[in-house]
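Here is a short report on one residue and the sheet around it. Have a look at the model first.

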Amino acid sequence: MKDFLVIGESCVDVFCYGGCKRLCPEAPAPVFNPTDYKENGGMSKNVYENIIALGYECDIITNDNWKEITKTRYIHKSTNQLFIRVDNGDDKIKRCNVYDIDFKEYKIVIISDYCKGFLMEEDIDYIASNHNCVFLDTKKDLGEWCKNVNFIKINNIEYERTKNMITDKMREKMIITLGHKGCLFQKTIFPVENVEIKDVSGAGDTFLAGLVVKYLESNDIRESAKFANECATKVVQRRGVSTT
């Protein structure tokens with residue numbers, strides 16, 4: 001049996017660094033001069049890469065055209081200030097056929113759902129109904145369709161948006177990330193070290209990877225939350241998206 005399966009849509013994260021010395025004469029907008037580029041796999045690919053970096057075997061099921069899907073961030077190099085993010089190709093992601101996948105080949109299944117059309121609610125319900133250890137990270141509003149998921153990782157903004165639509169039973173299995181405050185699980189806050197934050201891009205993916213890896217080792221979600229905090233704290237101190 002293999003350790004992990006990540007399933008969800010992926011893209012290429014592009015970081016374009018540069019400078020700005022003047023405004024555009026045609027409009028009140030900065031003229032950006034690019035100098036450096038950095039690329040890496042994003043969304044589900046980033047979760048996958050973080051699990052690999054932590055020393056575990058992992059398979060991924062994602063959209064075949066992930067290299068055509070881009071999130072490009074234009075960033076002022078000296079200050080690390082984001083000018084704008086430009087997304088391309090979100091509408092080109094086709095739905096995954098989850099019904100031909102043998103999920104029982106894996107110890108843990110991680111659903112990294114960015115709500116771009118790769119997985120529908122009924123697909124996630126099917127996965128959770130056919131495996132005994134499923135972690136979910138989704139941009140969808142939560143509902144009855146995720147009742148069979150074992151653990152749900154969600155950020156505080158997503159939780160506030162969907163909190164009126166979830167049951168107490170679902171809330172009990174939610175790990176809510178709180179940014180610089182750490183994370184919350186069953187009314188307990190797990191704090192993080194106070195560090196200089198350079199970039200939060202991809203930190204949620206790193207947190208999820210740390211969470212599942214530690215859970216495989218310990219079978220203790222509280223210890224897993226602490227380790228996930230440590231992993232995310234490392235990457236937010238670096239520019240761009242990076243692995244632990």
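Thr 177 is found in strand β10, residues 174-177. Strands (E, at least two residues) and helices (H or I, at least four) are DSSP runs, numbered from the N terminus. This is a predicted model: local features need pLDDT of at least 70, side-chain atom pairs count only at pLDDT 80 or more, and totals for chains, interfaces and linings use all residues. Residues are numbered from 1 along each chain as its sequence is written, and side-chain values use heavy atoms, with hydrogens and water left out.

Is Thr 177 buried or exposed? Thr 177 counts as buried because its relative accessibility is 14%. Buried means under 20% relative accessible area, exposed over 50%, and partly exposed in between (1.4 Å probe, protein chains only). Leaving aside residues up to four places away in sequence, Thr 177 touches Asn 155, Gly 182 and Phe 207, among others. Contact means heavy atoms within 4.5 Å.

Now the sheet. The order of its 8 strands is β4-β1-β7-β8-β9-β10-β11-β12; the sheet is open, with mixed pairing. Two strands pair if DSSP finds at least two bridges between them. The edge strands, listed here, each pair on one side only.

| Edge strand | Residues |
|---|---|
| β4 | 58-61 |
| β12 | 188-190 |

From one strand to the next, the twist averages 20°. Axes are lines fitted to C-alpha atoms, for helices over the stretch in contact; angles run from 0 to 180 degrees between N-to-C directions.

Strands β11 (residues 183-185) and β12 run antiparallel, joined by 3 bridges. Cys 183 has Phe 190 in β12 as its bridge partner. Helix α6 (residues 221-235) packs on the sheet and touches β8, β9, β10, β11 and β12. Its direction makes about 35° with that of β12.
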